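Biologist: I am new to this model and would be grateful for a close look at a single part of it, followed by an account of the surroundings in which that part is set.

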Amino acid sequence: MPPTTDIPFKIRVEKEPLSPTYRHCLATIALQKDAPEDTIRTNLNPIRQTHSFENWYATQPIDRGQYGKISYAYNDDVLFGHATLYQKALADDLRAIYKDLVALLNSTHYALLRAWHYLPSLDELDDYQVFCDARARAFATLQPSFYCAATVIGTHCDYGVIYFLATRKAGITINNPRQTLPHLYPKRYGQAAPRFARATLKQWGNQSDLYISGTAAIVGHESMHEGDADAQLAEVLRNVETLLDEASTIGKMQFKHLQHSKLYVDHSIVGNIAALIDKYFPSQNRLQVFEGQMCRRELLVEMEAMATADSA
């Protein structure tokens, strides 16, 4: 078992998946294509990867349940849920999953902390808008302060997955002063604005986790440095560092505290990404890199991460 900690779970990137019958298996996530049926299958295409499975160990035994389309594992501290969706029924699946998600959390009295979305495709201009509309409908009764950190990536597949982490007490929304609040984006990006937080901070006793959303080269609401992956990645890191600074008054967060960092890159720059990693992440041996589609066609890179540190 993981060492004793205030945080009620531990994430390990490992060669083999956890057995779903293991009483401390909160989740086992496959970070590749052609994954076992009993894992959460992201259909990601790894460019640089440490191991193939992200295993979530709960510190306390878990029970399992099903609510509509959502399968979930839970104990008194945390709830982890996931659901599969299909390209041929994307809009219907997204609406049904998000409706079930909100109903499940309301009925079990958990608060949404972090969500990941690996959609079948973001090729079509309206794919991301379909997703935003489904999430906005489900979140219609929520205040913006309750929006959680999130990632949305397209994976060039005919099916995808949504998974999420929830806790008994809500986290703290961390905004980026360099960026417009997503729900206040102009209508030119779509009628349904994105509903998410740039980051969510969760205090667990004497420790804190910062969950950083998928972060791109956006300043204000504008995409920056079109066609320049180097400049975009530099902008991404400025946004990540800003979020760490904003969170540091509550949980002493610094760049060295980043873990479980994932970089998503457009297929057009896969051949050049190694040089950029060497330039910007010289000591990040555990950085994982995947090919993926961003929510805007001009965006070439996106980064997500967690940071864990002692609470201030």
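In which element is Gly-65 found?

Modeller: Gly-65 is found in strand 6, which covers residues 63-67. Before going further, please note that this is a predicted model, in which local features need pLDDT of at least 70, side-chain atom pairs count only at pLDDT 80 or more, and totals for chains, interfaces and linings use all residues. Residues are numbered from 1 along each chain as its sequence is written, and side-chain values use heavy atoms, with hydrogens and water left out. Helices (H or I, at least four residues) and strands (E, at least two) are DSSP runs, numbered from the N terminus.

Leaving out residues up to four places away in sequence, Gly-65 touches Ile-70, Ser-71, Tyr-72 and Tyr-74; contact here means heavy atoms within 4.5 Å. Gly-65 and Gly-81 are 16 residues apart along the chain, and 9.2 Å separates their C-alpha atoms.

Phe-80 and Tyr-163 are stacked, at 5.6 Å centre to centre with 20° between the planes. Rings of Phe, Tyr and Trp (its six-membered ring) pair if their centres lie within 6.5 Å; planes under 30 degrees apart count as stacked, over 60 as edge-to-face and the rest as tilted.

The whole structure holds 17 aromatic pairs. Among them is the edge-to-face pair of Trp-56 and Trp-116, with 6.0 Å centre to centre and 85° between the planes. Trp-56 lies in strand 5 (residues 53-58) and Trp-116 in strand 9 (residues 111-119), so the pair ties together parts 60 residues apart in sequence. Trp-56 counts as buried because its relative accessibility is 0%, and Trp-116, at 3%, counts as buried as well. One aromatic cluster takes in Phe-9, Trp-56, Phe-80, Trp-116, Tyr-118, Tyr-163, Trp-204, Tyr-264 and Phe-290.

With neighbours within four places in sequence set aside, Pro-8 is in contact with Tyr-57, Ala-58, Thr-59, Asp-77, Val-78 and Trp-204. Pro-8 is buried at 4% relative accessibility. From C-alpha to C-alpha, Pro-8 and Ile-29 lie 18 Å apart in space and 21 residues apart in sequence.

His-109, in the loop between helix 1 and strand 9, has a positive phi of about 65° although it is not a glycine. His-109 is exposed, with a relative accessible area of 59%. His-156 likewise has a positive phi, near 55°, and is not a glycine; its place is the loop between strand 10 (149-154) and strand 11. At 44% relative accessible area, His-156 is partly exposed.

The helices complete the picture. Two packed helices are described by the angle between their axes and the distance between the axes. The axes of helix 1 (residues 90-108) and helix 2 (residues 127-138) come within 8 Å and cross at roughly 30°. These axes are lines fitted to C-alpha atoms, for helices over the stretch in contact, and angles run from 0 to 180 degrees between N-to-C directions. Helix 1 and helix 2 are therefore roughly parallel to each other; angles under 35 degrees count as roughly parallel, over 145 as roughly antiparallel, 65 to 115 as roughly perpendicular and the rest as oblique. Among the residues making this contact are Leu-94 and Tyr-98 of helix 1 and Val-130 and Phe-131 of helix 2. By class, the contact has nine nonpolar, no polar and six charged residues. Ala, Val, Leu, Ile, Met, Phe, Trp, Tyr, Cys and Pro count as nonpolar, Asp, Glu, Lys and Arg as charged, and the others, Gly among them, as polar.

Finally, helix 3 (residues 229-247) contains Thr-242. Thr-242 is buried, with a relative accessible area of 14%. Beyond four places in sequence, Thr-242 touches Asn-176, Pro-177 and Arg-178.

Technical notes
Buried < 20%, exposed > 50% of the residue type's maximum accessible area, 1.4 Å probe, protein only.
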